[in-house]
Amino acid sequence: MPDLNDLIIVIAKSPKYQHISPDLIRQIGARELMARRSFKEAVKAAKNKLHQVGGAYFESRIDFEEALKQLAEIVDDETAVRAWCLDLMRRHASTKERLPILDEFYATTLAGLTGVCRVLDLACGLNPLARSWMPLPADVEYIASDIYADLVGFVRDFLGVMGMNGRAHVRDLITNPPTEPADLILLLKTLPVLEQVKKGAAPRLLDALKARYLLISFPARSLGGRQKGMAQNYEAQFRAWVGGRPWRIQRFEFPTELAFLVTTSQACD
Ligand SMILES: C[S@@+](CC[C@H](N)C(=O)[O-])C[C@H]1O[C@@H](n2cnc3c(N)ncnc32)[C@H](O)[C@@H]1O
C-alpha cells in the first residue's frame, strides 16, 4: 500500500513541486492521505494545496540563472540594478502588488528603528530584492527563507553578487519555525497562508519568534482581486492572535497591504 514517503516521492518528481521543502510536502501529504479515499486523490489534493500556498504566486516561470547573469553584468550601475530588481519583483504576485507602494512601504513602517543588526525575512518570496528600499544600515545581516530551494538559491546568489551581508535557506515555517534571535523579523502577507495549511500555525509561529521588532502584514485583497472586508477580517484575526501579549503595535494602511509594526519587549542577543 502506498504511504507518505511514496506521496512525497511522486510530488517531488513533478517539475512544479520539485524545489518545495519536503517538510511541507510531508505535512500537507499526511493530512490528505488521511482525508482522501485514494492515493491518487491525496496526491491531487496535496498538489492543489501546494499550488495555493506557493505556486500560485509566480506570475510566470523565472529563469533564475539567466537573471543572475544579467545582474552580474549591471551590478555596478545602481539605476540598472534597481530596474532589474523591480522587473524581477513583478514576477511574483506578492511583491508585484507592493511595487506601487514600495517607495513608502519600508520608509514608513521601518522609520526610526534603531540598533537593527540582524533581519529575518520569513517566507520571503522575492522580497529580499527590495533590500535597497529598506532604511536599514548597509551592513545589516539579512537572513531570508522560503519553501522553494531554487528561489532561495537565487536570493542567496543575489545577496552575494550585491555584496550584501546575508544568506538564505529553505524553511517551512509550520514544522520548523526559526530559533535564531533577530532585531527585526519581516513576516509579510504570510500568516493567512500558513493558516490555510494548518489552523493555529500563525499564533504558534508568533509564540516562537524572538525579535525586538516584527513587521507583519496582510494583503488587502485576494490573489483573485476580491477585497471586500478582507483587511478588516485579517486585522480582527491578527488582534486576536496577539491579544494578551505585552506588545506595542503600530498600524499602517496602504492601498494593497495592511501592516503592523510590533515592538516586543525582547532584546536581541
Ligand atoms: C503571499 S507570499 C509572501 C511573499 C513575501 N513575504 C512578500 O510579502 O512579498 C507567501 C510566501 O509564503 C511562502 N510559503 C508558503 N507556505 C510556507 C511555509 N509553510 N513556510 C514558509 N514559507 C511558506 C510562499 O512560497 C510565498 O513566497
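In which hand, left or right, does α1 cross α2? The crossing of α1 past α2 is right-handed. Keep in mind as you explore that this is a predicted model.

**The α1–α2 pair**
- Helix α1 covers residues 4-13 and helix α2 covers residues 22-35, and the two pack at an angle of about 125° with their axes 9 Å apart.
- On the α1 side, the contact is made by Leu4, Leu7, Ile8, Ile11 and Ala12.
- Facing them from α2 are Pro22, Ile25, Arg26, Gly29, Ala30 and Leu33.
- By class, this contact of α1 with α2 has nine nonpolar residues, one polar and one charged.

**Two domains**
- Domain 1 spans 4-53 and domain 2 spans 64-263, with 26 Å between their C-alpha centres.
- Ten residues of domain 1 and twelve residues of domain 2 take part in the contact.
- On the side of domain 1 that touches domain 2, α2 and α3 (39-53) each supply at least two residues, and α2 gives the most, with four residues.
- That side of domain 1 comprises four nonpolar, four polar and two charged residues.

**Around the ligand**
- The ligand is surrounded by 22 residues, of which Ser94, Ala123, Gly125, Leu173 and Leu188 are the closest.
- Two or more residues of this shell come from each of α6 (93-96) and α9 (191-197).
- The shell divides into twelve nonpolar, six polar and four charged residues.

Technical notes. Residues are numbered from 1 along each chain as its sequence is written. This is a predicted model: local features need pLDDT of at least 70, side-chain atom pairs count only at pLDDT 80 or more; totals for chains, interfaces and linings use all residues. Axes are lines fitted to C-alpha atoms, for helices over the stretch in contact, and angles run from 0 to 180 degrees between N-to-C directions. A crossing is left-handed if the near helix is turned anticlockwise from the far one by less than a right angle, and right-handed if clockwise. Two residues are in contact if their C-beta atoms, placed from the backbone, lie within 7 Å. Ala, Val, Leu, Ile, Met, Phe, Trp, Tyr, Cys and Pro count as nonpolar, Asp, Glu, Lys and Arg as charged, and the others, Gly among them, as polar. A residue is near a molecule or strand if its C-beta atom, placed from the backbone, lies within 6 Å of it. Domain bounds come from an automatic or database domain assignment.
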